[in-house]
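Welcome to this short tour. Open the structure in your viewer, and we will go from stop to stop together.

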Amino acid sequence: MGHALLLAGKRGTGKRLLAEALAQLLLCQQPQSDSHRGVACGDCPSCQLFRSGNHPDLVWIQPNGEDKPLLEVGRRLEGKDGERQIQVDQIRQLLERFALVSRHGETKVAIIERSEMMNLSAANALLKTLEEPTKGTYLILMTEAPSRLLSTIRSRCHYYPVTVSPQDEMASLQWVAECSGSTYEAVASLASFMVAGPLEIRNLMMSERKSEFSAFEQTVLGLKNGREDPVVAAAVWSRHSGSFFLHAFQLLLLALTKSMYGRGGESASSSNTLERSLLSLFNDNRPATDQWFNFVDQSQKSGRLWQEHRVNRQLLLEELLLSWHYL
Ligand SMILES: [Zn+2]
């Protein structure tokens, strides 16, 4: 493995798990060889520190305002409040740590999530260490949008695409069904309009997400057939699970866009019941193309605004759900 690795792939394909496993392996003091080639031992002091989630030689960076992962590994380097990006301060803290003598062996590892969200000065600061790497330091960059990284950064990393092949997809859906205690059909139905990978679908199907998902279905459909009131629904969702709602809604709109306005207009992928019901509702009264795409824009804008501190979330959702209702 080179000094820097770039894991590129869509959301939910397991980039983070892979990054963590690699980090543990790099830090392990007695990596297993022979039959278990390339596996961390799990017992050495370094592996124990890793499991405690507090390894001093592992740091990770993500953009401000990003949802924190369920389990944190290593030390999180925070930026200043406000801008939703990776800031130069975060990279400087990383470089300072890389410059210190390692406390546990010779190795230091940094994981940078959503690396495409580095601002220009952060990217330039990182470029310096990519050009003149310190011995024993490793960078693991993750991205969903490799083309948005500076080409000078891309070219200095070992590029590793993380994908799910169509053959693997059925097996992954089966795996998701087993993990979440759902049926294969239920998972496949969800997956039919998800642009994300199997891990993300699993998150959606897991316990609380599952009931959130049916509430989501009810709201989205209810607003179109007049059983739900946009103002009431906005009040409910802005108090609870609003970002889930917006995320699922955007995925749904993508799928509907493909079916209604895509090339050939094929609606072959609509094995999802929610999508099918909406398609038949829109069958009689399909919005004009520009009207539809304006609405898709609005939903994406709402998703971005949702993250901002001073926004009135209830009002934001109210406007979106009213537009959906009247679309
Ligand atoms: Zn170990």
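An axis here is a line fitted to C-alpha atoms, for helices over the stretch in contact, and angles run from 0 to 180 degrees between N-to-C directions. Helices (H or I, at least four residues) and strands (E, at least two) are DSSP runs, numbered from the N terminus. Residues are numbered from 1 along each chain as its sequence is written. This is a predicted model: local features need pLDDT of at least 70, side-chain atom pairs count only at pLDDT 80 or more, and totals for chains, interfaces and linings use all residues.

Start by colouring by pLDDT, the predictor's confidence in each residue, from 0 to 100. The protein's mean is 80, with 77% of its residues at 70 or more.

Next, select helix 11 (residues 242–261) and helix 13 (residues 289–306): their axes come within 10 Å and cross at roughly 155°. Helix 11 and helix 13 are therefore roughly antiparallel (an angle over 145 degrees). Where do they meet? Show Leu246, Phe249 and Leu253 in helix 11, and Trp292, Val296 and Trp306 in helix 13, which are among the residues in this contact (C-beta atoms, placed from the backbone, within 7 Å).

Finally, go to strand 4 (residues 108–112) and pick lysine 108. Is lysine 108 buried or exposed? Lysine 108 counts as buried because 27 C-beta neighbours lie inside 10 Å (the cut-off is 20 or more, with C-beta atoms placed from the backbone).

Notes: A residue is buried if 20 or more other C-beta atoms lie within 10 Å of its own, exposed if 12 or fewer, and partly exposed in between; C-beta atoms are placed from the backbone. Angles under 35 degrees count as roughly parallel, over 145 as roughly antiparallel, 65 to 115 as roughly perpendicular and the rest as oblique. Two residues are in contact if their C-beta atoms, placed from the backbone, lie within 7 Å.
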